[in-house]
Amino acid sequence: MAAPRTSLRLVAAIRNGSSRGIHGPGGAATPEGSQKGKTLLQFLSDRFYDVEFMREYFLQRHMLKVHQKNRFQNKEWIRPNERGHFRLEFLKFQGVPVEAVDASGCAINYEGLDNLLLLKELQSLSLQHCPHVDDWCLSRLHPLASSLQELSLAGCPHISERGLACLHHLQNLRRLDISDLPAVSNPGLTQILVEEMLPNCEVLGAGWAQGLKVEPEEQPDRASPVHAW
Amino acid sequence: MLGRGLRLGLRRGLVTQGLSARREGSTLDWDGKVSEIKKKIQSILPGGAWNPLYDTSHLPPEHSDVVIVGGGVLGLSVAYWLKKLERRRGAIRVLVVERDHTYLQASTALSVGGIRQQFSLPENIQLSLFSANFLRNINEYLAVVDAPPLDLQFNPLGYLLLASEKGAATMESNVKVQRQEGAKVCLMSPEQLQNKFPWINTEGVALASYGMENEGWFDPWCLLQGLRRKVQSMGVLFCQGEVTRFISSSNHMKTASGREVTLKRIYEVHVKMDRSLEYQPVECAIVINAAGAWSGHVAELAGIGKGPPGTLQGTRLPVEPRKRYVYVWHCPQGPGLEAPLVTDMSGAYFRREGLGNNYLGGLSPTEEEEPDPGNLEVDYDFFQDKVWPSLAQRVPAFETLKVRSAWAGYYDYNTFDQNGVVGPHPLVANMYFATGFSGHGLQQAPGVGRAVAEMVLEGHFQTIDLSPFLFSRFYLGEKVQEHVII
């Protein structure tokens, strides 16, 4: 039978080092399979760990696409292919400055930012949903002040308003995305203060009206004594 | 015979099993029973915790390898590093004696919580750099199983130090040393300063140094509780009590040149319990003086400074408590979110607190204006007369401010050169100091704790060489002075 042999090879690959199979979001619906195939797969995965691993591996390949893309000057985005490898043409671009980096979802941390800070002509940086980017990391971004125009920090769980305050070094910033930051205590007020801090920048965020309660609309023809001047 | 004995034994075993009503597992849980019996015997024998006459659970143990006097951030840091660097787990028994577990007067809890690398001594810079590293990775250093991670609320906005014409050259040379050690500091001219922070009045400012990374402020209470929790999980014993006496043994010896010298070793510490006359003598091998503002008093108890003046025996530990005020005010048009901790040439400093346009700050008084350290009452006139004018001159928006509240705390002020004392005393051979930091103890605590632990365990400093901070400099008269006291 072909199925057990392939499952064994996949399991070996996981054990050998590709860590993607281990922390996969289990419990999500299987993407394909006929009715009969679904029950068979379900039945098998309840019984054999190998089959469960195989299911999760295919799930990974469909759902969790790690977008580590880079864009060079006037070129298109360079993405990894399905296997996570970059094309060999990459080496041609050694002297060309990098313009934009999309590191969303990437597990980059404080020491890892060393590599990004070497890119002196970086214009756009996306650190969306990076789980380890925190206030300390934001304080490291000041060397990019002369060139960075676009920064996205949406969805990073450890960034608070204290880290956002260090972005005042980035005076060339034109677009800043600070939406969906769970650790920021008061998103509306923070947005106002960040807008004051970076006057030339368009700040996308919670919206300053988020924390305000909506008052019931006054009837226009009813003269309320409160409004009498 | 054997068969009958076996049968009797089995029956007795079944009877005891019935009495104890244990149904699951094996019938004879020998391992559990033997260890329980062993523990009971150990507690009854001398050296154990059991006392048949009265309850001693509130007293410290009768023996401890290291006794740390003072449970603030420095004392806990030394305890942490002692336990982390010991060669074998459980090799050293450490006891932390803290007079007040609510930390009402402790300098750590009342601190403004700043950390900076802008010092002039390379050792201070290295200590702060290591501390910044420690704080950044605090959840790896101080992780405790099943406890939530610590949130230090670190604000990485940096320190801005201003200098006049007179101090500009010193500031430049300081920044050079700081950059050599690896701190990220930049120098700014008055024009650049005005561009970056338009709310500053740059009159009188010739040069400014601004820390870009690893500088800022954080919550010292969180660090203290995190250290306490971790240190308790590592097996350090705590005791609420006051050290009232040291019993030491003396050894009269002659130096190579024939001079007589008396070396002392403390072998017992008397710890008095709170609000009672009861005390417990704790036999110890090493005593660490981390009592902060009261370290001078603790050193006197050990006989340090009792001798003819001008000799090594007569050199006291020159650490005394000095009261400092911190005021909190609200200013609606004040500096924005990007304001660093600004320090003026006059010594006045301020920083933002939270999102609501609240600021806190203060000023170190001159020697003549030193307030009485007997209590922690706040003098609001000091703010009106001395602090507010300096602040309003530097930041014009602060002319319209409203003081919300204030508090006072002690500096463990080193009257000799305002820098820390670290390491053993030359005569009282087993008392180690970790005190006297005069306002920058909190930010250097992780580094100093590690240095003292290395000194205790290895006999010399290994990672950061703090030999300029040894006690002997007070006798030799070698001052290691910083140029800015905040």
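## Close-up views of a predicted two-chain model

At 3% relative accessibility, A:His168 counts as buried. That value, like the others in these legends, comes from a predicted model.

**View 1. A:His168 and its surroundings.** Let us start with the histidine itself, found in the loop that runs between helix H6 (161-165) and strand E6 (175-177) of chain A. Which side chain makes a polar contact with the side chain of A:His168? The partner is B:Tyr210, at 3.3 Å. Leaving aside residues up to four places away in sequence, A:His168 touches A:Met197 and A:Leu198, along with B:Leu157, B:Lys196, B:Phe197, B:Tyr210 and B:Glu338.

**View 2. An edge-to-face pair, B:Tyr103 with B:Trp221.** Over all chains, the structure holds 26 aromatic pairs. In this one, B:Tyr103 and B:Trp221 sit 6.1 Å apart, centre to centre, with 80 degrees between their planes. B:Tyr103 belongs to the loop between strand E2 (94-98) and strand E3 (114-115) of chain B, while B:Trp221 belongs to helix H8 (residues 220-233) of chain B, so the pair ties together parts that are 118 residues apart in sequence. Are the two partners buried or exposed? B:Tyr103 is buried, at 3% relative accessible area, whereas B:Trp221 is partly exposed, at 37%.

**View 3. A stacked pair, B:Phe433 with B:Phe471.** Here the ring centres are 5.4 Å apart and the planes meet at 15 degrees, so the pair counts as stacked. B:Phe433 comes from strand E17 (residues 431-435) of chain B and B:Phe471 from the loop between helix H11 (441-458) and helix H12 (472-476) of chain B, so parts 38 residues apart in sequence are tied together. B:Phe433 is buried, with a relative accessible area of 0%, and B:Phe471 is buried with a value of 0%.

**View 4. Arginines over tryptophan rings, B:Arg99 with B:Trp294 and B:Arg136 with A:Trp136.** The charged end of B:Arg99 is placed over the ring of B:Trp294, 5.0 Å from its centre. B:Arg136 lies over the face of A:Trp136, with 5.9 Å to the ring centre.

**View 5. Helix H4 of chain B, residues 122-136.** This helix has 15 residues and reaches 21 Å from its first C-alpha to its last, close to the 21 Å expected at 1.5 Å a residue. How many of the residues of H4(B) are buried? The count is 12 of 15, which leaves H4(B) mostly covered.

How values were computed. Residues numbered from 1 in each chain as written. Chains lettered and ligands numbered in written order. Predicted model: local features only at pLDDT ≥ 70, side-chain atom pairs only at ≥ 80, totals over all residues. Heavy atoms only, no water. Phe/Tyr/Trp six-rings, centres within 6.5 Å; stacked < 30°, edge-to-face > 60°. Helix = DSSP H or I, 4+ residues; strand = E, 2+ residues; numbered from the N terminus. Buried < 20%, exposed > 50% of the residue type's maximum accessible area, 1.4 Å probe, protein only. Lys NZ or Arg CZ within 6 Å of the ring centre and 35° of its normal. Polar contact = N/O pair within 3.5 Å; in protein donor to acceptor, adjacent residues only side chain to side chain. Contact = heavy atoms within 4.5 Å. Expected span 1.5 Å × (residues − 1).
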